[in-house]
Amino acid sequence: MKQRMIRWGKDYAGSFSFIGLVGATLFFAASVTPSLIPRHFAVQGVLSGFALAAGYACGNALGTFYRLLGFREPSIAVQSMSKRITVMCVAVVFAYFVWRMTYWQNSIRELFGLQPLETASPLSTAFIAILFATSLIGLGRLFSRASGFVSRKLGRILPERIATAVGFSSVAVLTLFLANDVVARRLLDAADAFFAKADALDQDGIDQPTSPLVCGSVESFVNWESIGRQGKGFLVDGPSRADVARLTDENLESRGGEAIELPMGEVGQPPLRVYVGLRSRPTLRERASLALEELKRVGGFERSILVVATPTGTGWLDPSAVDSLEYLHGGNSAIVSMQYSYLPSWITILVDPQRSIESADALFNATYDHWRTLPRDSRPQLYLHGLSLGSLGSERSADLMKVFEDPIAGAVWSGPPFPSQNWWAAVSHREEGSPIWLPTFRDGRLLRFTAQTNAIDANQPWGPMRNVYIQHASDPMVWFTPDLAWSSPPWLAEPRGPDVSPYLRWYPVVTFLQIAFDMAMATTVPIGYGHNYSPASYIDAWIAVTQPEGWTDEKILELKSTFSSREAPKPAS
C-alpha cells in the first residue's frame with residue numbers, strides 16, 4: 001500500500017507540465033508585489049493561489065500551442081540543459097520576490113500611516129497558495145478529462161477534429177451553465193439573504209424617532225420597520241440644530257477661541273433627512289413617490305439646500321459627507337435618499353450595477369419634477385451626491401437633456417467606480433499633462449477633481465453648475481478595469497498618485513487579480529486612503545459646490561479639526 005502511494009505521488013507529480021510550473025512560479029512571484037491596498041497574509045495566500053493556477057494554465061497553453069505549430073522537438077540533451085537553466089533563473093526570481101515581499105507590503109503601509117510588518121509571512125502565504133492552486137488545477141483537470149471523454153465518444157461517429165471541438169464546446173457550455181446559473185446564482189442568493197437579514201437587524205441605541213419632522217416617526221409616511229439598518233442609522237445619527245452650534249463652539253473654546261456664529265436655518269429646525277428602504281414599497285416608482293411625499297411632508301422644499309443622495313450598495317450614506325454639508329449650512333438643508341440593494345458595492349457592481357442607476361434615476365426624476373414646479377426665487381438649490389456605487393447611479397440620474405432648460409446647482413461625487421461612464425468620459429478627455437488620478441477637465445467651469453489634499457482652486461471661476469469628483473489614486477473601486485489583464489493602466493504612469501507604492505508594477509493577468517482582490521478590501525484601510533474618503537475632502541468639495549456663507553479659512557480649519565477627532569473606521573459600502 002505504501003509503495004502504491006509513493007508510486008501514485010511520483011506519477012501525479014510527473015504529470016505536471018514543466019512550462020506550466022514555470023509559469024505558475026513566475027505568477028506567484030509577481031503576485032506578492034505591492035498593489036493598491038496592503039494585504040493580510042491569508043488574503044495574499046488566496047490571491048497567490050489564483051495567480052499560481054493562472055500561471056500554470058498560461059504556461060500549459062503556451063506549451064500546447066508550441067506543439068500544435070509542429071516545430072521539431074529539440075534533442076534530449078538540449079531539453080535537459082534548457083530546463084536546468086530555466087530552473088535556476090526562475091529560482092533566483094522566486095527567491096528575490098519572496099525576500100522583498102515584506103518590504104513591498106510595508107511600502108504601502110508607510111504611505112497609509114500604518115505600522116510596518118515584521119514579516120509578511122511568506123511561508124504561510126505559500127502554503128495557502130499551493131493548497132488553493134492545487135484545488136483549482138484539479139478542477140481544470142477534471143474539465144479536461146470530461147472534455148476528452150466526450151470527444152472520444154463523439155470520435156466514433158465524427159472526424160477527430162470536429163469531435164474534439166464539439167466535445168470541448170459542450171463541456172464548456174455545461175460548465176458555464178453550472179458556474180453561472182447554479183453555483184454563482186446560489187452563492188449570490190445566499191449572500192443576498194445574509195445581507196438582507198443583516199439589514200433588518202436594529203443597531204444598539206437606534207430607536208424610532210419621536211419628532212414628527214423625522215422620517216420614520218409615527219407621523220411619517222415611511223414605516224420605521226421598513227427602512228433597514230443603514231437607513232435608520234442615517235435618520236437618527238444626524239446632527240440636530242443644537243449639535244451644529246455645540247460641536248463648533250466646544251471645539252473653539254477648548255482652543256481658547258470664541259464661538260463661531262453659524263448661518264443657521266429657522267430657529268428650532270434640525271437638518272431634514274428622508275430615507276426610503278427596500279421594504280418600504282414593492283417597486284422603484286412607488287418608493288420614489290413615497291420619498292417625495294415624505295420630503296414634502298417634513299418641509300424639505302422649504303430649506304435652502306436640497307440634496308438627492310444615492311447610497312452605497314448596502315444602503316449606507318457616509319456621515320463624513322452628509323454631516324459636513326449640514327454643519328456648513330447650519331442645518332438649513334434637506335437630504336433625501338432611497339435604498340436599492342442589501343449587498344456591498346463591490347459585489348453589486350460585479351453582479352448588477354444597473355440597480356444603482358435605476359434607483360437614482362427614479363428618485364431624482366420624482367424630486368426634480370416637483371422641484372421645477374416651484375417658484376425659482378423661493379425653492380432650494382438642488383444638488384446630487386453619491387459615494388461608490390451611489391456615485392455611479394447619481395451621475396447618470398440628471399440627464400443633461402432633461403435638466404438643460406432648468407439646471408440643478410451641482411453635485412459632489414466620491415469614489416466613482418470604474419463603470420461610471422460620465423466620469424470616464426471626463427478623465428479620458430482630461431487636459432494634456434494632468435494625471436488621470438487628478439485630472440483637469442477643460443477650463444474647470446463645470447467639473448473639477450480633488451483628492452486627499454484640496455486641489456480645487458477657489459479663485460478659478462465656476463459656471464452655473466458646479467460638480468466635483470473626489471477620488472484617491474489608491475482606490476481600487478475607481479481603477480479596476482477588465483483590461484488590466486492585458487494592458488498597463490494609465491494610472492501607473494509617472495507622476496503617480498502620492499498614496500500609490502513606487503514599487504507597484506503591471507504584470508499581465510496578475511495585476512488584474514491583485515486589484516480585483518483590493519476591491520473587497522478597499523474600506524479596511526485608514527480614512528483618507530483607498531475607498532475611505534475623509535471629512536476634510538467632503539468639506540472642501542461642499543464649500544466649492546454650495547458656497548456656504550460665513551466661513552473663513554480659520555473657521556474651515558476648525559471644522560475639519562473637529563471632524564478629524566471623531567473619525568473612525570467605516571463600514572463596508
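This is a predicted model: local features need pLDDT of at least 70, side-chain atom pairs count only at pLDDT 80 or more; totals for chains, interfaces and linings use all residues.

Trainee: Let us begin with the overall composition. How many helices and strands are there in the protein chain?

Mentor: The protein chain holds 19 helices and seven strands. Of its 573 residues, 49% are buried.

Trainee: What share of the contacts in the protein chain with a separation of 6 or more comes from residues 24 or more positions apart?

Mentor: Such residues account for 76% of those contacts.

Trainee: How is a pair of packed helices to be described?

Mentor: Two packed helices are described by the angle between their axes and the distance between those axes. The crossing of α18 past α19 is right-handed.

Trainee: Which residues make the contact of α18 with α19?

Mentor: From α18 the contact takes Pro535, Ala536, Ile539, Asp540 and Ile543, and from α19 it takes Ile556, Leu559, Lys560 and Phe563. By class, the residues of this contact are seven nonpolar, no polar and two charged.

Trainee: I turn now to pockets. What volume does the second largest pocket have, and which residues lie nearest its centre?

Mentor: The volume of the second largest pocket is about 550 Å³. Its lining consists of 22 residues, and those nearest the centre are Leu400, Trp413, Asn422, Leu446 and Asn467. Two or more lining residues are given by each of α13 (389-397), α14 (400-403), β5 (410-414), α15 (421-428) and β7 (466-470).

Trainee: How do the residues of that lining divide into nonpolar, polar and charged?

Mentor: The lining of the second largest pocket has 14 nonpolar, four polar and four charged residues.

Trainee: Next, individual residues. Is glutamine 514 buried or exposed?

Mentor: Glutamine 514, which lies in helix α17 (residues 510-520), counts as buried because its relative accessible area is 0%, and the cut-off for that class is under 20%. Leaving aside neighbours within four places in sequence, glutamine 514 is in contact with Ala30, Ser31, Thr33, Pro34, Ser35, Arg39 and Leu47.

Trainee: Why is tryptophan 99 classed as exposed?

Mentor: Tryptophan 99 is exposed because its relative accessible area is 64%, and the exposed class begins over 50%. This tryptophan 99 belongs to helix α4 (residues 76-111). A C-alpha separation of 8.5 Å relates tryptophan 99 to proline 122, 23 residues apart along the chain.

Trainee: Which residues may be examined for the intermediate class and for burial in a loop?

Mentor: Serine 135 of helix α5 is partly exposed, since its relative accessible area is 45%. The C-alpha atoms of serine 135 and glycine 49 are separated by 9.2 Å, and the two residues are 86 apart along the chain. Glycine 330, by contrast, is in the loop between α10 (319-328) and β3 (333-338) and is buried, with a relative accessible area of 0%. Between the C-alpha atoms of glycine 330 and serine 240, 90 residues apart along the chain, the separation is 9.6 Å.

Trainee: Let us close with the backbone. Where is the peptide bond that is cis with omega near -5 degrees?

Mentor: That cis bond runs from glutamate 494 to proline 495. Proline 495 is in the loop between α16 (476-479) and α17.

Trainee: What is phi of valine 509, and where is this residue placed?

Mentor: Phi of valine 509 is near 70 degrees, a positive value in a residue other than glycine. Valine 509 sits in the loop between α16 and α17, and its relative accessibility of 24% makes it partly exposed. Serine 121 also has a positive phi, near 55 degrees, and is likewise not a glycine. The loop between α4 and α5 (122-154) holds serine 121.

Technical notes: Residues are numbered from 1 along each chain as its sequence is written. Side-chain values use heavy atoms; hydrogens and water are left out. A crossing is left-handed if the near helix is turned anticlockwise from the far one by less than a right angle, and right-handed if clockwise. Helices (H or I, at least four residues) and strands (E, at least two) are DSSP runs, numbered from the N terminus. Contact means heavy atoms within 4.5 Å. Ala, Val, Leu, Ile, Met, Phe, Trp, Tyr, Cys and Pro count as nonpolar, Asp, Glu, Lys and Arg as charged, and the others, Gly among them, as polar. On a 1 Å grid over the protein atoms alone, a cavity is a set of points where a 1.4 Å probe fits but cannot get out, and a pocket is an open set with protein on both sides within 12 Å along at least five of seven lines; lining residues have an atom within 4 Å of a point. Grid points are joined across faces, edges and corners, and a volume is the space filled by probe spheres set on the points. Buried means under 20% relative accessible area, exposed over 50%, partly exposed in between (1.4 Å probe, protein chains only).
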